[in-house]
Amino acid sequence: MTDYDPTTIEAKWQSAWNDAKAFESEVDSSRPKFYCLEMFPYPSGQMHMGHVRNYSIGDSMARFRRLAGYNVLYPMGYDSFGMPAENAAKKIGGHPHDVTWSNIESIRADLNRMGFSYDWRRELATSDSTYYRWNQWIFLKFHEMGLVERRTAPVNWCDPCDTVLANEQVKNNRCWRCAGEVRQKDMAQWFLKMTEYADELLDELEHISFPENVKAMQRNWIGRSHGAEIHFPIVDSDDVIKAFTTRPDTIFGVTFVTLAPEHPLCNALVSGTEFESDFRELADECARISEFDRINMLRDKKGVFLGRYATNPLTGEKVPIYAGNFVVASYGTGAVMAVPGHDQRDHEFAKKYEIPILQVLSEDEGKDPKVTGRAFEGLGWMVNSGQPGFDGLYGDDAKAAVINALEGEGMGTGTVQYRLKDWLLSRQRFWGTPIPFIHCRSCGVIPVPEANLPVELPLDVVFTEGESGNPLANHDGFVNTNCPSCGAAAKRETDTMDTFYDSSWYFLRFADALNDSAPFDKKSADYWLENGVDLYIGGIEHAVMHLLYARFFTKALRDAGLNDVSEPFSQLVCQGMVNAPTPFCADCNVEHHVDLEGQKCPTCGGLLGSRSAKMSKSLGNTVSPEIMIEKYGADTVRLFILFGANPEAGMDWSDSAIDSNYRQMRAIHSALVQGIENDSKLGTMDEWLLARARQSRSSWIDSMSNVGLRDGVMISHFEMVADWQWAQRRGGVSASASREYLTSWIPMLYPATPHLAEEMWKGLGMDTMLALTVLDLENSKGVSSRDVIVLGQEEYLRRVIDRARSVRELAERHTEGDLSAVIIQTAQHWKVKLASQAIQMHDENFDFKEGGNKFLQTQQCFQDEETKGDVMQFWRAIVVGQKKRRGRIHTWGEQERALVSSEYNEVDFLLDNAEFIVAALEIEDVEVYRAGTGEDVAGKARSSIPLEPGIAWR
RNA sequence: GCAGGGGUUCCCGAGUGGUCAAAGGGGGCGGACUCAAGAUCCGCUGUCAAGCGCUUCGCAGGUUCGAAUCCUGCCCCCUGCACCA
């Protein structure tokens with residue numbers, strides 16, 4: 001056989017898999033299914049290391065599950081709508097469609113070069129009308145269900161550019177393109193009523209296997225809080241301020257009420273009064289600044305008295321009404337009941353404006369509240385209510401009592417508030433799914449009839465650099481149409497959908513991607529998505545938005561009757577970042593571009609060090625997958641990625657590490673070749689190697705089943721080679737054992753490095769390629785009791801040699817001249833006997849404290865006065881242990897216990913292997929005998945223990 | 001501020017009460033092979049007085065016969081959310 005040649009074998013097997021249609025899967029309820037999915041890429045050009053990592057993980061798992069007999073669905077597609085393509089088109093003066101398709105071609109080629117095992121028949125691109133027509137179709141369904149709503153909402157608006165900006169495009173309240181000031185403008189927008197699913201989205205998190213931090217982020221995002229809406233009637237007015245609070249138990253401490261400046265009541269209360277000008281100033285300031293700046297400025301709490309008072313519904317007391325810059329209009333009711341005694345923010349505000357502070361909760365039951373100069377924000381016992389039936393109540397009881405009283409008076413209710421808002425879906429952009437609605441002068445806003453779908457994006461648009469706004473709105477052919485209802489001339493909606501819409505159901509489409517009469521067939525979806533996608537892999541950056549939208553969509557589609565599935569993803573793995581070294585200034589705590597490597601910090605002038613940072617264009621520390629594949633082959637890149645770190649952990653790129661992984665691939669290759677070509681009849685290590693293979697295989701299956709790819713690869717690509725090499729050094733294996741070993745090993749190499757595995761599988765003479773092979777993995781686990789002994793004795797030999805090495809240095813100091821022999825004294829027979837009995841007694845839960853000494857006295861070895869002390873000492877060492885080391889019966893593993901229990905003959909085994917010991921230690925001679933049957937060299941006889949012989953040098 | 005995750009040996013990173021001076025990799029050192037280099041293989045890589053020694057898993061305490069692992073407090077880093085009432 002030839003040398004390892006990845007380029008040739010990888011191309012060869014990729015086309016063989018393709019010809020065999022090895023990865024095409026169909027619904028088959030006779031087999032367990034496994035739906036393996038990666039977050040599909042945005043086709044921005046070439047594949048980057050993050051993609052390679054993401055898909056290497058997924059591909060290994062898909063291949064592993066196929067090997068184990070699962071019916072695996074493993075598809076790929078492109079999230080191909082979005083602004084970057086639009087901007088790229090403007091730059092080159094083309095159409096986003098062309099830009100997108102050339103990028104897709106490039107990514108597809110990269111994916112193929114990596115050998116990922118996708119079912120390419122299911123490939124989809126969201127910008128393809130065969131896909132987005134179903135976006136529109138679903139949108140109409142949602143509309144029928146009442147989930148779609150059109151209402152006005154403030155948007156970031158840039159006058160010079162005549163366009164809406166996304167939040168990310170606003171920097172310091174200025175437009176990213178023209179640097180013009182951005183203002184908030186109310187416009188009609190399309191919404192999906194996701195809040196209707198808020199409770200289910202939150203509660204179902206308990207039952208799905210997402211990483212804890214992702215769940216926390218989603219909980220936070222949904223932000224459900226229980227509390228009460230409390231009505232504060234305005235004095236001398238019919239208006240009522242409705243305030244939301246999570247702490248109704250503090251109602252008796254309310255000393256003022258604060259409104260968001262945007263709150264409609266502000267205007268009504270203040271206009272025409274002496275307070276109006278101050279209020280206008282505050283309101284203008286809040287309206288002008290962007291959300292980003294607002295947070296920065298809000299450290300400075302400002303408020304304006306509006307000149308009017310409200311009534312506390314339970315006490316009838318009059319409290320002043322303020323407008324405050326820290327009250328968020330869109331959360332709760334935009335009005336806050338202020339309790340400076342029990343809310344630190346209100347506390348500071350009250351101090352600043354000299355408003356009274358009341359304490360109505362006590363930290364200690366039955367005592368007066370402590371005066372601390374701060375608000376006490378915890379739960380406490382009600383005091384100072386001035387009303388019967390409240391004082392002394394605590395926590396939830398207190399809250400319930402207040403809510404109860406308010407409801408009795410008709411002055412409030414217990415409510416639930418969410419931070420989650422409805423999904424603002426519309427974008428004033430070209431490169432997205434057109435919202436399928438038509439504006440008719442007489443009929444209003446009406447849906448495009450299903451039969452007229454898709455509403456297609458025009459291709460005859462030329463994008464140019466200077467252009468602003470939405471080209472769709474200026475495209476007469478697109479805009480002008482007839483009303484489907486009355487037939488009169490009408491205008492199409494020119495808003496397109498948020499691209500998150502596209503990615504919210506693609507995993508369902510994959511189940512039945514070629515369907516041209518429905519988004520997907522219900523049976524297919526229910527089969528492939530039963531209990532959700534079995535493994536979903538992607539970046540943490542999608543922890544909230546994408547994953548929440550997708551969960552919402554799945555539930556909404558379920559309610560539309562399209563599927564039975566409620567949760568789209570049963571297990572989520574967020575793969576870590578791929579980092580690479582970049583120059584770093586420790587003093588300034590700033591990372592710099594790789595161009596500055598070895599230079600001085602541009603800020604402080606200190607010498608730049610290095611640290612690893614996420615690969616990014618801005619730092620220039622990226623590594624091109626294509627170059628690496630070219631240099632080392634796809635298998636090596638895959639091995640490096642999988643071995644570098646467990647999927648969830650961050651990993652550092654290292655040139656020397658990938659180099660060493662390439663060497664590892666070659667070592668594997670040459671071991672395999674050696675095994676295939678082996679024609680030896682003798683095999684002194686056969687038994688051990690095959691026992692070891694069974695052991696490794698079992699732990700490999702366990703690791704792989706738990707997506708523990710790093711551990712899996714460590715076994716399959718490192719330990720298996722090391723064992724093979726050890727067997728060779730220890731005397732070699734026979735042809736038949738080689739064959740058996742390889743038959744077990746090569747499939748283990750397959751998930752991570754499939755090309756090499758296929759090549760060697762064929763080299764072994766197998767007719768069916770691994771891609772089509774199914775193994776009964778679960779039932780091939782486990783080792784025999786004979787294996788345990790065989791493995792144990794080999795382990796024992798290694799330890800004896802290691803031990804001999806470590807005492808060598810000591811011996812050298814005490815000996816003149818070269819050391820030429822090792823003297824090994826194994827434990828006395830009585831020790832072996834005692835240890836074996838102790839193990840058995842331990843298994844039977846013998847109480848050594850209680851009966852240990854009594855037992856010892858019955859033993860024959862204990863009768864000899866001369867050795868009595870040794871016996872005591874040894875007994876202690878094996879059943880009790882010392883300060884830091886427990887007795888051996890507790891610490892011996894399965895193998896050791898098996899050996900000791902069988903009263904294993906160490907002398908014979910070591911003598912059988914004397915030649916190897918001599919070679920390994922580079923000495924001339926080794927003597928082995930049982931302690932007491934020969935000279936007690938260096939007094940080692942006493943300290944010998946079963947499996948831990950005394951070792952001396954001469 | 002709140003929430004989540006972290007801090008392990010030169011570096012990366014496993015490790016959740018005793019089998020732990022702590023897997024594996026990287027790097028470094030030494031050896032074999034070689035004219036040499038590379039590749040490959042073997043060994044070493046906390047410390048010393050070489051031992052059932054001593055010190056080490058962010059810092060300080062505590063629980064325990066025994067702590068990298070459990071508890072308390074503190075410091076630092078990352079991620080997300082943020083005057084959310």
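Which residues are linked with Glu200 in a network of salt bridges? In this predicted model, the network comprises Glu200, Arg551, Lys555, Arg558, Asp559 and Glu567. Within it, Glu200 and Arg558 form a salt bridge, with N and O 2.8 Å apart. Glu200 belongs to helix 6 (residues 198–203) and Arg558 to helix 17, so this pair ties together parts that are 358 residues apart in sequence. Glu200 is partly exposed, with a relative accessible area of 24%.

Helix 17 spans residues 545–559. Its 15 residues reach 21 Å from the first C-alpha to the last, close to the 21 Å expected at 1.5 Å a residue. Of these 15 residues, 12 are buried, so helix 17 is largely enclosed by the rest of the structure. The buried residues include two members of the salt-bridge network, Arg551 and Lys555. Also among them are His546, Tyr549, Phe552 and Phe553. Gly561 follows the helix and has a positive phi, near 85 degrees.

Salt bridges were also searched for across the whole structure, and 47 were found. One of them joins Glu105 to Arg108, the closest N and O atoms being 3.1 Å apart. Both residues lie in helix 4 (residues 96–114), three residues apart, about one turn of the helix. An α-helix has 3.6 residues a turn, so residues three or four places apart point the same way. Glu105 counts as partly exposed, at 43% relative accessibility. Lys781 and Glu778 form a further salt bridge (3.8 Å, N to O). Lys781 is partly exposed, at 32%.

Turning to the strands, an open sheet is formed by four of them in the order 13-14-12-15, with mixed pairing. Strand 13 (303–311) and strand 15 (335–338) each have a single partner strand, so one side of each is left without a neighbour in the sheet. Neighbouring strands are turned by 25 degrees against each other on average, direction ignored. Strand 13 pairs with strand 14 (residues 318–324) in the antiparallel sense, over six bridges. Phe305 is placed opposite Tyr322 of strand 14. Helix 11 (residues 344–352) packs on this sheet and touches strands 12, 13, 14 and 15. Its direction makes about 105 degrees with that of strand 12 (256–259).

A hairpin is formed by strand 21 and strand 22, with three residues between them. Strand 21 (residues 437–440) and strand 22 (residues 444–447) pair antiparallel over four bridges. Strand 21 is also joined by two bridges to strand 24 (residues 489–492), again antiparallel. His439 has Val445 as its bridge partner in strand 22, and stands opposite Lys491 in strand 24.

Note on methods. Residues numbered from 1 in each chain as written. Chains lettered and ligands numbered in written order. Predicted model: local features only at pLDDT ≥ 70, side-chain atom pairs only at ≥ 80, totals over all residues. Heavy atoms only, no water. Pairing = 2+ DSSP bridges. Axes fitted to C-alpha atoms, helices over the stretch in contact; angles between N-to-C directions. Contact = heavy atoms within 4.5 Å. Expected span 1.5 Å × (residues − 1). Buried < 20%, exposed > 50% of the residue type's maximum accessible area, 1.4 Å probe, protein only. Salt bridge = Lys/Arg side-chain N within 4 Å of Asp/Glu carboxyl O.
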